[in-house]
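These are my notebook entries on one model.

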Amino acid sequence: MTIDHTPKPKVHNSIPTSIAEPAPTLAGRVPGLAPNEPRQGGFGPLTDGNWSSRPYHHAAASWGAAQSVGLILAKQRELGRGTHSMFVMNHTDGFDCPGCAWPDDNKLTLDFCENGVKHVTWEMTPKRVDNRFFADHTVTELADWTDFDLENQGRLTEPMRYDAQTDRYLPISWASAFEIIGGTLRSLATPNQASFYTSGRLSNEATFLYQLLAREYGTNNVPDCSNMCHEASGRALTASIGTGKGTVDTHDWERADLLFVMGNNAASNAPRMLTALAEATRRGAKIVHINPMVEVGATKTIVPHEMLEMARFRATKTSDLNLQVRPGGDLALIRGVAKTVFETAATDPSVLDNEFLAEYTHQLAEYRALVESTPWDTIITQSGLPGELIREVGRWYVESDKTIISWCLGITQHEHGVDTVREIMNLLLLRGNIGREGAGPSPVRGHSNVQGNRTCGINHRPTAAFLDKLDEVCGIVSPREHGLDTVTTIEAMNAGEVKVFVGMGGNFVMAAPDTAYTAAGLRNCDLTVQVSTKLNRSHLVHGREALILPCLGRTERDERAGGLQGQTVEDAMSMVHISRGKRRPASTQLMSEPAILAGIAESTLPDSATPWSWYSDDYDRIRDVMAKVLPGFEGFNDLVKQPGGFRIPQPARERDFRTSSGKAEFSLAPLPNVIPDAAEVLILQTMRSHDQWNTTIYSNNDRYRGIKNIRELIFMNEDDMTERGLSEGDFVDITSTSKDGSVRTIRRFRALRYDLPRGAAAGYMPECNALIGIADYSTQSDQPLMKNVPVRVTPTAE
């Protein structure tokens, strides 16, 4: 497969129907335009004089973030209402930010970040996409627009149905839309011919109804964005300590004296974490960032709500050490720290928490033997780090009383992501850093309620205990066989085995790997249904029958028969709290996600005894049922009325390890070889820019990496560029070879110097997703290998 930015004939829906055809850029450039022609949206020509790349030396957040917030509010014409929203976002009786899952801080008057304001104003825009818009534009025409331009048209206002004869979306009533969905689902030969996908935006109440609909219908095909992000974390933590979640809370972050932040760009992915890092520095805690790239958030910050520091331009460091590990070398690094602990314990056994280890852990002796037999040379080679640095970090760990290890997708989106998270747990266990104040594992979830989705039943591999309780309380008979995840759903659509795809939020075709193959799968469906707030690429890459169902946004009032409703979300530290929108809905025809799901369910399951409409009229009723099904949700409606909500009990936090042995399990994984076989191969990681949230791109800038007006790029080590005869800004072709032997190339990307280890490279998603074949997924977690793409980079032939 080749992606070429030179002029080409228009391809319907902007994405090829076969991986053998050329595919265009899907996010940054209008297909069909020459590289130096203007883009839509006013970005201007992409010429040497109109894009720039220069180091960013300022503190994270600071006045740059404050200026960005002001510009966002002005550009979206939301200076008044947008400013007001900042005082209610992430606060009791307000709405939860639709961005990251970092916990709220109700002590702060302004608990938001630059990216949170982008999310909210993007949703609050006065622009509208109504039937007149669709009357003016065919789907073929819209397919040539950039993803920025599609979303920038504004909020969807009414349900629409694709009409193949006119190649347009036409208005349809809600009742008719529900009948199409229900009729199609009822006509399938088996419920497993449908797949029900969700992004992390869905509330707990909507999530519970969604999984109940799927299981009463008869399938566990409920893939979600966790399949692409933190699946490895859940599997590893469950195997290690009996729970799929981290055990720490913000109270622990405030008391830790050593923090590891691994594979995470805090300033862009969880900007409110910067406050916690700055506070840790001020109380004397040490902070170690582990990432191939030294991100701005791993250097220094001025938190905008700290007015005195802002006025003085006084930055606080957010790191004591940055370790630029080889891509995938994190396991070797942690193994080296553990080796230092055992070497120290040889003369001072007290550095191990021997009492904890004896009572609460299993296979310590085997793990110790494994670590001691791992040569330092192997650890150094595989991590890409000097031995003295690894030993220094080991000494810090030995000297620390309370350590938290935090990680994100830089750890999980690798072949051995599960083993790496388990190695993190091994290290924490050695000094009893779990189940006590200021210590433990803390995965950083990247989307507002992605953890709540799992808690409330979105899992293609549900436990028997969950299904038994669901059936008992709800009076249904759930299927027991495992369902399809994201990768297998894509494969099944292409094979004709999944005929209906329902997407609750997100932009599936752009978020998934192997973009062209994913698009072909969606086009192969009988029906695709997208529940969305704004127009995106997945509406244009559709099945033979297609529906767009517009829903309320997080900021909007949700009025139902039972009155003004609130919906709950779970943050990355297991706090559940209620979110209530304040704004008037963008259209009178918008429906809430629980109401949409009730309409689909009643049409699909006409003989169901489940009172779907009754549930959707008053979400307290949904919560009463959830309280009977979900552990820790007993008294749900009373719990969420508490200021700040409630924390779901975590047995492992109390040193109650619900594994097969009843103890925390040491893992015994061998060190993987993460060095490519061929010297010319680089390991590419895909990532977001700062002016982007998941697949939503706000501009072609990336402030913290010093990039302006360009997204089709690859960051490379300067020596790697020289070795290939490349100068700054040269056009290059990037080629990957998938596990199944298929070859993919994206053309005319700019090569840019960046501080990366030799052999490492980086580029933006979704542009680089086309390099990830459908076969390129982890055999441990089934996650696409988005941080470990072997590529060859060559000059573009002019």
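**Cysteines.** I searched for disulfides, taken as pairs of cysteine sulfur atoms within 2.5 Å. The count by this rule is zero. Cys225 is in no disulfide, and its nearest cysteine sulfur, that of Cys229, is 5.5 Å away. Cys229 is likewise in no disulfide, with the sulfur of Cys225 as its nearest, 5.5 Å away. I then looked up accessibility, where buried means under 20% relative accessible area, exposed means over 50%, and partly exposed lies in between (1.4 Å probe, protein chains only). Cys225 counts as buried at 9% relative accessibility. Cys229 has a relative accessible area of 25% and is partly exposed.

**Ground rules.** The model is predicted: local features need pLDDT of at least 70, side-chain atom pairs count only at pLDDT 80 or more, and totals for chains, interfaces and linings use all residues. Residues are numbered from 1 along each chain as its sequence is written, and side-chain values use heavy atoms, with hydrogens and water left out.

Helices (H or I, at least four residues) and strands (E, at least two) are DSSP runs, numbered from the N terminus. Two strands pair if DSSP finds at least two bridges between them. I found an open sheet of five strands in the order 14-11-10-16-17, with parallel pairing. Its edge strands are strand 14 (321-323) and strand 17 (440-443), and each pairs on one side only. On average, neighbouring strands of this sheet are turned by 15 degrees against each other, direction ignored. For such angles, axes are lines fitted to C-alpha atoms, for helices over the stretch in contact, and angles run from 0 to 180 degrees between N-to-C directions. Strand 11 (residues 286-290) runs parallel to strand 14 and is joined to it by three bridges. Ile290 stands opposite Leu323 of strand 14.

Next came an open sheet of three strands, order 23-24-25, with antiparallel pairing. Strand 23 and strand 25 (646-647) are the edges, each pairing on one side only. Four bridges link strand 23 to strand 24 (residues 575-579) in the antiparallel sense. The two strands form a hairpin with four residues between them. Ser574 in the turn has a positive phi of about 70 degrees. I noted two facing residues: Glu570 stands opposite Val576 in strand 24, and Val569 has His577 as its bridge partner there.

Which faces of strand 23 are covered? Both are: Gln567 and Val569 on one side, Thr568 and Glu570 on the other, are all buried. In a regular strand the side chains alternate between the two faces of the sheet.

**Cavities.** On a 1 Å grid over the protein atoms alone, a cavity is a set of points where a 1.4 Å probe fits but cannot get out. A pocket is an open set with protein on both sides within 12 Å along at least five of seven lines, and lining residues have an atom within 4 Å of a point. Grid points are joined across faces, edges and corners, and a volume is the space filled by probe spheres set on the points. I count seven cavities of 30 Å³ or more. The second largest cavity holds about 240 Å³ of space. It is lined by 21 residues, and Leu552, Gly553, Arg554, Gln567 and Glu593 are the closest to its centre. Strand 23 (residues 567-570) gives the largest share of this lining, three residues. The lining has five nonpolar, nine polar and seven charged residues. For these classes, Ala, Val, Leu, Ile, Met, Phe, Trp, Tyr, Cys and Pro count as nonpolar, Asp, Glu, Lys and Arg as charged, and the others, Gly among them, as polar.

**Largest pocket.** Its volume is about 1200 Å³. Of its 35 lining residues, Thr243, Gly244, Lys245, Arg454 and Thr463 lie nearest the centre. Helix 9 (231-241), helix 21 (450-455) and helix 22 (464-474) are the elements that give two or more residues to the lining. By class, I get 12 nonpolar, 14 polar and nine charged residues.

**Two loops.** Ala770 sits in the loop between strand 34 (760-764) and strand 35 (789-795). Ala770 is buried, at 2% relative accessibility. Its C-alpha atom is 7.7 Å from that of Ile746, 24 residues apart along the chain. Gly635 lies between helix 29 (619-629) and helix 30 (636-639), in the loop. Gly635 is partly exposed, at 37% relative accessibility. Gly635 and Asp624 are 7.6 Å apart, C-alpha to C-alpha, and 11 residues apart in sequence.
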